[in-house]
Amino acid sequence: MLTSPSSVPRLVVAAPSSGSGKTTVATGLMAALTARGLAVSPHKVGPDYIDPGYHSLATGRTGRNLDSYLCGPDLVGPLFAHGARGCDIAVVEGVMGLFDGAAGEGELASTAQVAKLLRAPVVLVVDASSQSRSVAALVHGFASWDPEVRIGGVILNKVASDRHEELLREALESAGVPVLGVLRRVAQVDTPSRHLGLVPVAERRASAVDSVAAMAEQVSRGCDLEALVALARGAGALSGAAWDAAEALVSSPPPPLPSPDGLVVAVAGGPAFTFSYAEHAELLSAAGAEVVVFDPLRDEALPEGTAGLVIGGGFPEVYAAELSSNEALRKEVSALAESGAPVAAECAGLLYLCRELDGQPMCGVLDATARMSERLTLGYRDAVAVSDSVLAVAGTRMRGHEFHRTVVEPGSGAAPAWGVLAPRRVEGFVERGVHASYLHTHWASEPGVARRFVERCRTS
């Protein structure tokens, strides 16, 4: 029986630190519950784009992010309820360690904060490979650190033997936290990584299906699914309505203007451009656009009738040669930008609009070059729009996230996109109808961005 999104059973899968196995457990649990006939709503704490792709593969539903830094704490519950519509249960994968959040911001953007906002019990995944009795001290510490965070159970990962399991269970009896699963120390599920984390599903779909199936088998064999479902049913009811794109636009003044039927906004997709929040397309649609996804690796033309273009994040550096070889599409993108049509590009999209990337010709919309770097740029950012653009008027404040190993030279144009407050600098480009930047933003926090973009598509 389906429940309302405000009362859907839910649990958060967290860990003491990164690398403990929470992605394997969360994704495997989603797939195992789906295989039992449940409609599972998948969620990920934080800005990560890649894990939600595996969640989507596990559940057949859109993987959604819950980020209290990008969207604010008040939107976490409504966005969760939006994603959980029509579902029997929800599984939320945490980020980093349970209490780790935005640097210098206390609990903000941590898994613990999201668990509290969702009134959800937490399952702690513990890497037990190098400990026995000490596991009790570790779990006790996490369970008692914040009384508002309810640790409902532990899943022990990388357990070596029956004897090792016996010692761990005996130690945990004193901690008062039940063991809900034990996963043996086995060869890791094949989820290859590279410079920005796991390889996205879109780049390895067939093998990703096998990986998710292996995760589901591990969790089904080693965890008490009935106990986990019972724990999820103990989550508290949420107050407030589910987020709705159309309502968000209406409540964000001024009211939207009508858009003609068939106003096409092309959105880059395919293996090179996999980073996008689902709410962006939903807001564009609610603002009156027909969202059409295309693949810059394979499609030689923009979708028919394209009035605006959105190019999100991804891995163009991996596909630079293939993107460059699609000269017909590069010329179309350049012509569209030259015409003044709205173009919004984030991170990978910024690279694609440059003159070249690692020596390979790109679209040439921006008089800038891009190259791979050994330095990882990573972190949340507070930003203010420096120039009026198709996305925002100057002075608009937004929060964003950077995650890349590339460098664009110069880093900003004559009219920069954003002024970043810490570290203080300007970055990005505003030229004609183009807004291009390294900053990933979540439009649910500022719905007027989508409405402004569609209105510019209508009038350009």
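In the predicted model, Ala14 has Leu124 of strand β5 as its bridge partner. Strands here are DSSP runs of E of at least two residues, and helices are DSSP runs of H or I of at least four, numbered from the N terminus. Ala14 belongs to β1 (residues 10–14), which pairs with β5 (residues 122–127) in the parallel sense over 3 bridges. Pairing requires at least two DSSP bridges between two strands. Residues are numbered from 1 along each chain as its sequence is written. Because the model is predicted, local features need pLDDT of at least 70 and side-chain atom pairs count only at pLDDT 80 or more, while totals for chains, interfaces and linings use all residues; side-chain values use heavy atoms, without hydrogens or water.

Both strands belong to an open sheet of 7 strands, ordered β3-β2-β4-β1-β5-β6-β7, with parallel pairing. Its edge strands are β3 (64–66) and β7 (179–184), and each pairs on one side only. From one strand to the next, the twist averages 25 degrees. Helix α2 (residues 50–59) packs on this sheet. It touches β2 (40–45), β3 and β4 (89–93), and its direction makes about 170 degrees with that of β2. Contact means heavy atoms within 4.5 Å. Angles run from 0 to 180 degrees between N-to-C directions, and axes are lines fitted to C-alpha atoms, for helices over the stretch in contact. Helix α3 (residues 73–83) lies across β1, β2, β3 and β4, at about 160 degrees to β3.

Helix α3 also packs against α4 (residues 111–118), with axes that come within 9 Å and cross at roughly 60 degrees. The two helices are therefore oblique to each other; angles under 35 degrees count as roughly parallel, over 145 as roughly antiparallel, 65 to 115 as roughly perpendicular and the rest as oblique. The crossing is right-handed, meaning that the near helix is turned clockwise from the far one by less than a right angle. Pro73, Val76, Gly77 and Phe80 of α3 meet Gln113, Val114, Leu117 and Leu118 of α4.

Leu118 touches Arg10, Leu66, Val76, Gly77, Phe80, Val92, Gly236 and Leu238, leaving aside residues up to four places away in sequence. The largest nonpolar core holds 112 residues. Phe80, Val91, Leu98, Leu118, Leu156, Leu284 and Phe453 touch the most other members. A nonpolar core is a set of buried Ala, Val, Leu, Ile, Met, Phe, Trp, Tyr and Cys residues joined through side-chain atoms within 4.5 Å. Buried means under 20% relative accessible area, with a 1.4 Å probe and protein chains only.

A second open sheet has 6 strands in the order β11-β10-β12-β13-β21-β20, with mixed pairing. β11 (290–294) and β20 (429–431) stand at the edges with a single partner strand each, so one side of each has no neighbour in the sheet. The twist averages 15 degrees from one strand to the next. β20 and β21 run antiparallel and are joined by 3 bridges, with Glu431 partnered by Val434 of β21. Helix α12 (residues 327–338) packs on the sheet at about 110 degrees to β12, touching β11, β12, β13 and β21. Helix α14 (residues 448–459) also packs there, touching β10 (264–268), β12 and β13, at about 145 degrees to β12.

Within this sheet, β13 (residues 343–346) points Val343 and Ala345 one way and Ala344 and Glu346 the other, and all are buried. β12 (residues 306–311) runs parallel to β13 over 3 bridges, and Ile311 has Ala345 as its partner. β13 pairs with β21 (residues 434–437) in the parallel sense over 4 bridges. Ala344 has His435 as its partner there.

How values were computed:
Buried means under 20% relative accessible area, exposed over 50%, partly exposed in between (1.4 Å probe, protein chains only).
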